[in-house]
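Me: I am new to this structure. Please take one part and look at it closely, then tie it to what lies around it.

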Amino acid sequence: MTRRLAPLSPAELSTTQRELYDAIAGGPRARNGSPFPLVDADGGLQGPFNAMLLQPSVGTALQALGSAIRYEALLDTRCREIAVLTVARAWDSAFERYAHEAVARTAGMSAAEVSALRDGDPTAFPDPREQLVLQVSEALAVRRDLTDEEYTRAADGLGLPVLFELTTLVGYYATLALQLRAFRVPAPPS
C-alpha cells in the first residue's frame, strides 16, 4: 500500500491549518497522554489527523466531534473502545486498530479481550452492558442498521442518549476508516 498523502510539515501550514494542527497536537488528546504518538518525528500529524488539515473547516468540525465522543461522552472508555475496535475490524483499518488497541490496553482491557475484538469473538466480554455495546456496534458497522428487536434492546439497555452517542461513534470511526483507506495511511511499523 503506497501512502497517498505525505505528512504535512507544520512549518508550511496556513493559519487555519496551524490552528487545527494545534487543536489536535496540543488539545485533549495530547494533554491526556495519548497512548500512541499524535505526531511523527518531523512533527507531521499521524493517522487521520493529517488529512483533516487539507480542509481545515471540515477537519475542525470532524476533530471536534471526535473529541466530544472521546472526552465528553456518556459511554465509559471500555465500551467506547469495544465499539471503535469493532469498526476497525469491520473496515479492516490497520491504523484504527493500532491506535485504539493501545487506548483499550490503557483502559485496562486484557490482551485476550483486545484479541477477541480483533477476531470478532464476543465471548471475552461477560459484562451485559459491554456485550450489548458490542452487539449494537457490530450490527451498525457490518449491516449498517439495527433490527427492531436490536433497537429496542439497545434503547432499553443503554438508554436513548447513549444509543445516539454509540451510533454517532460508529459513524465517526467509519468516516475515519474510509479516509485512512482512501489516503492509504498505514499503521506505524511494530
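**A close look at Glu113 and its surroundings**

Reply: Glu113 touches Arg78, Gly108, Ala124 and Phe125, leaving aside residues up to four places away in sequence. The model is predicted. Glu113 sits in helix 7, which spans residues 111–119. Is Glu113 buried or exposed? Its relative accessible area is 12%, so Glu113 counts as buried, the cut-off being under 20%. The side chain of Glu113 also reaches back to the backbone: the nitrogen of Ser110 is 2.8 Å away.

Now the annotated span. UniProt, in an unreviewed entry, places the feature "domain: Carboxymuconolactone decarboxylase-like" at residues 56–121. That annotation may be inferred rather than shown by experiment. In the model, residues 56–121 are 80% helix and 0% strand.

Next comes Gln63. This residue belongs to helix 4, residues 56–71. How buried is Gln63? Its relative accessible area is 9%, so Gln63 counts as buried. Which residues does Gln63 touch? They are Leu20, Ala23, Ile24, Arg29 and Met52, again not counting residues up to four places away in sequence.

Met52 leads on to the nonpolar core. The largest such core has 52 residues. Met52 is among those with the most contacts inside it, together with Val133, Val136, Leu166 and Leu169. Helix 10, residues 160–182, gives the most to this core, with 11 residues.

Take Val133 from that list. Which residues does Val133 touch? Its partners are Leu75, Cys79, Ile82, Ala83, Leu158 and Leu166, with residues up to four places away in sequence left out.

Last, the aromatic rings. How many aromatic pairs does the structure hold? There are two. A pair of aromatic rings is described by the distance of the centres and the angle of the planes. One of the pairs joins Tyr172 and Tyr173. Their ring centres are 4.9 Å apart and their planes stand at 90 degrees, so this pair is edge-to-face. Both tyrosines are tucked away from the surface by the accessibility count: Tyr172 is buried at 3% relative accessibility, and Tyr173 is buried at 4%.

Conventions: Residues numbered from 1 in each chain as written. Predicted model: local features only at pLDDT ≥ 70, side-chain atom pairs only at ≥ 80, totals over all residues. Heavy atoms only, no water. Core = buried A, V, L, I, M, F, W, Y, C linked by side-chain atoms within 4.5 Å. Buried < 20%, exposed > 50% of the residue type's maximum accessible area, 1.4 Å probe, protein only. Helix = DSSP H or I, 4+ residues; strand = E, 2+ residues; numbered from the N terminus. Contact = heavy atoms within 4.5 Å. Phe/Tyr/Trp six-rings, centres within 6.5 Å; stacked < 30°, edge-to-face > 60°. Polar contact = N/O pair within 3.5 Å; in protein donor to acceptor, adjacent residues only side chain to side chain.
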